[in-house]
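Hi,

Here is the structure I said I'd pass on.

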Amino acid sequence: MKKQAVLSLSGGMDSSTLLLHLLANGYEVTALSFDYGQKHNVELERAKELVDYINSYCIVDEESKTAEYLYFVKHQIIKLDGLSQLLNSALITGGEEVPEGHYAEENMKATVVPNRNKIFSSIIQAVALSIAEQKDTECAIAMGIHAGDHAIYPDCRQEFRDADFEAFKAGNWGAEKVYHYTPYLDDDKFGILVDGDSCCECLGLDFNEVYKRTNTSYKPIYYFI
């Protein structure tokens, strides 16, 4: 049986690279994306496009004219209907203008969505534990958080992860079958992209085809060619 992982797939570069990383390291992946009323919901389109691309990758046997599909990622978009009307954040539809600048600058605190990662992690934990119980195996919770997130987003810090996970273990039987997998916690964007390049080579995927199906900005701009 393959190793199991539940991934929070935003459609951005970090979590998309982590998807490749998991596949390259022999995991069977269940990817969850969240529709919480974010302005940049193009990321959900990108997440679906990437999963569709990976799931369609195959090797064709010219002699038998048969195709062998190499990967399968189970992907589901979780809709949190009505939540955006109750949240105060520049990222939410109806909120203030999304600020510009480096993501570690002070003004980017306006992009914090209250308790966002706690909301996501509760759902991801529930799914991971369900998989672990159904398959009688361990299951990883994989998240693409990285060193650059820590300054502005407190729910990306290790102390939050530790406290949140302790609460999960206290509230669930069998929680010892679930563990965190955050390989980029001490890495930066460049390091993540280098890993993505290596994973594409390992998996036989086209780097450009993968990363054109990602969106890594809270203020996406469409270019029409």
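Predicted model: local features only at pLDDT ≥ 70, side-chain atom pairs only at ≥ 80, totals over all residues.

Residues are numbered from 1 along each chain as its sequence is written, and side-chain values use heavy atoms, with hydrogens and water left out.

Let's start with helix 1 (residues 13-24) and helix 5 (residues 189-203), whose axes come within 9 Å and cross at roughly 40 degrees. That makes helix 1 oblique to helix 5. (Helices, H or I of at least four residues, and strands, E of at least two, are DSSP runs numbered from the N terminus. Axes are lines fitted to C-alpha atoms, for helices over the stretch in contact, with angles from 0 to 180 degrees between N-to-C directions. Under 35 degrees counts as roughly parallel, over 145 as roughly antiparallel, 65 to 115 as roughly perpendicular, and the rest as oblique.) The crossing of helix 1 and helix 5 is left-handed, meaning that the near helix is turned anticlockwise from the far one by less than a right angle; clockwise would be right-handed.

Which residues meet there? On helix 1 they are Met13, Asp14, Thr17, Leu20, His21, Leu23 and Ala24, and on helix 5 Lys189, Ile192, Leu193, Asp195, Gly196, Cys199, Cys200, Cys202 and Leu203. By class, this contact of helix 1 with helix 5 has 10 nonpolar, 3 polar and 3 charged residues. (Ala, Val, Leu, Ile, Met, Phe, Trp, Tyr, Cys and Pro count as nonpolar, Asp, Glu, Lys and Arg as charged, and the others, Gly among them, as polar.)

His21 counts as buried because its relative accessibility is 10%; the cut-offs are under 20% relative accessible area for buried, over 50% for exposed and partly exposed in between, with a 1.4 Å probe and protein chains only. Not counting residues up to four places away in sequence, His21 touches Tyr181, Pro183, Tyr184, Asp195 and Cys199, where contact means heavy atoms within 4.5 Å.

Now for the other pair. The axes of helix 3 and helix 4 come within 11 Å and cross at roughly 45 degrees, so helix 3 is oblique to helix 4. Here the crossing is right-handed. Asn117, Lys118, Ser121, Gln125 and Leu129 in helix 3 meet Phe160, Arg161, Asp164 and Phe168 in helix 4. That contact of helix 3 with helix 4 has 3 nonpolar, 3 polar and 3 charged residues.

Asn117 belongs to helix 3 (residues 116-135) and is buried because its relative accessibility is 9%. Asp155 sits in the loop between strand 6 (139-142) and helix 4 (158-171). Is Asp155 buried or exposed? Buried, because its relative accessible area is 14%. Asp155 and Asn117 are 38 residues apart along the chain, with 6.0 Å between their C-alpha atoms. A polar atom of the Asp155 side chain lies 3.1 Å from the backbone nitrogen of Asn117.

Last one: Arg213, in the segment after helix 6 (207-211). Arg213 is buried because its relative accessibility is 17%. Apart from residues up to four places away in sequence, Arg213 touches Arg46, Glu49, Leu50 and Tyr53.

Cheers

How values were computed:
Polar contact = N/O pair within 3.5 Å; in protein donor to acceptor, adjacent residues only side chain to side chain.
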